[in-house]
Amino acid sequence: MGPISYIPVADLKPDQHQVNLKVKVIAQIIIGEVDDYPTWTKIKVAEILIGDSTGCIIMKAMNDQINLLQPNTTVNIHNARVEMYRGFMRIVVDQNTSAEITIENNNENSINNINLEKNLSLVEYQYVPHVVLNGD
């Protein structure tokens, strides 16, 4: 298997899968705990603002992921997906898949310039169904 290819945040698209990002954690907002009814456990949830030189986006983090995603930390995110939440994009790293988050320990690969002006989580998308009229 060759080197992992990272995509710029600005190139993310709605409902995209198998996303690899190298980003810096900008801020962390703890939402609280929610009930996971299939397992009858509590899940800690946070929204994390992450970004690179091309833009930024909110990431939904759960449980142990929150501890990894501390402000000013550069992280590698593998096999994430873009989830639509009320018409807005969010990055999600599912805990039950091969997706993972690792801290970038090499300071030479650290991200220093973050584009906060292009926040993809502030762009609202509308689902427009394709309607076939008269056999088109």
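A polar contact here is a pair of N or O atoms within 3.5 Å; within protein, one must be able to donate a hydrogen and the other to accept it, and residues adjacent in sequence count only if both atoms are side-chain atoms.

## Ground rules

This is a predicted model, where local features need pLDDT of at least 70 and side-chain atom pairs count only at pLDDT 80 or more, while totals for chains, interfaces and linings use all residues. Residues are numbered from 1 along each chain as its sequence is written, and side-chain values use heavy atoms, with hydrogens and water left out.

Gln28 sits in strand β1, residues 19–36 (strands, E, of at least two residues and helices, H or I, of at least four are DSSP runs, numbered from the N terminus).

Leaving aside residues up to four places away in sequence, Gln28 touches Glu47, Ile48, Ile66, Leu69, Gln70 and Pro71 (a contact means heavy atoms within 4.5 Å). Gln28 counts as partly exposed because its relative accessibility is 25%; the scale runs from buried, under 20% relative accessible area, through partly exposed in between, to exposed, over 50%, using a 1.4 Å probe and protein chains only. Met59 is 31 residues from Gln28 along the chain, and their C-alpha atoms are separated by 9.5 Å.

## Ser121, tucked in

Ser121 belongs to the segment after β6 (100–103). At 4% relative accessibility, Ser121 counts as buried. A polar atom of its side chain lies 2.7 Å from the backbone nitrogen of Ile58. Contacts of Ser121, again not counting residues up to four places away in sequence, are Cys56, Ile57, Ile58, Phe88, Met89 and Arg90.

The structure holds one aromatic pair. Tyr37 and Trp40 form it edge-to-face, 5.4 Å centre to centre with 80° between the planes. For the cut-offs, rings of Phe, Tyr and Trp (its six-membered ring) pair if their centres lie within 6.5 Å; planes under 30 degrees apart are stacked, over 60 edge-to-face and the rest tilted.

Trp40 lies in the loop between β1 and β2 (41–52). A polar atom of the Trp40 side chain also lies 3.3 Å from the backbone oxygen of Tyr37. Trp40 counts as exposed at 70% relative accessibility, and Tyr37 counts as exposed at 51%.

## Salt bridges

A search of the whole structure turns up four salt bridges, each a side-chain nitrogen of Lys or Arg within 4 Å of a carboxyl oxygen of Asp or Glu. One of them joins Asp35 to Lys42, with the closest N and O atoms 2.8 Å apart. Asp35 is partly exposed, at a relative accessible area of 39%.

Glu47, a contact of Gln28, forms a salt bridge with Arg90, the closest N and O atoms being 3.6 Å apart. Glu47 is in strand β2 and Arg90 in strand β5 (residues 88–92), so this pair ties together parts that are 43 residues apart in sequence. Arg90 is buried at 12%, whereas Glu47 counts as partly exposed at 24%. Then there's Glu83 with Lys60, meeting at 3.8 Å, N to O. Glu83 lies in strand β4 (residues 74–85) and Lys60 in strand β3 (residues 55–62), so the pair links parts 23 residues apart in sequence. Salt bridges that share partners join Lys60, Arg81 and Glu83 into one network.
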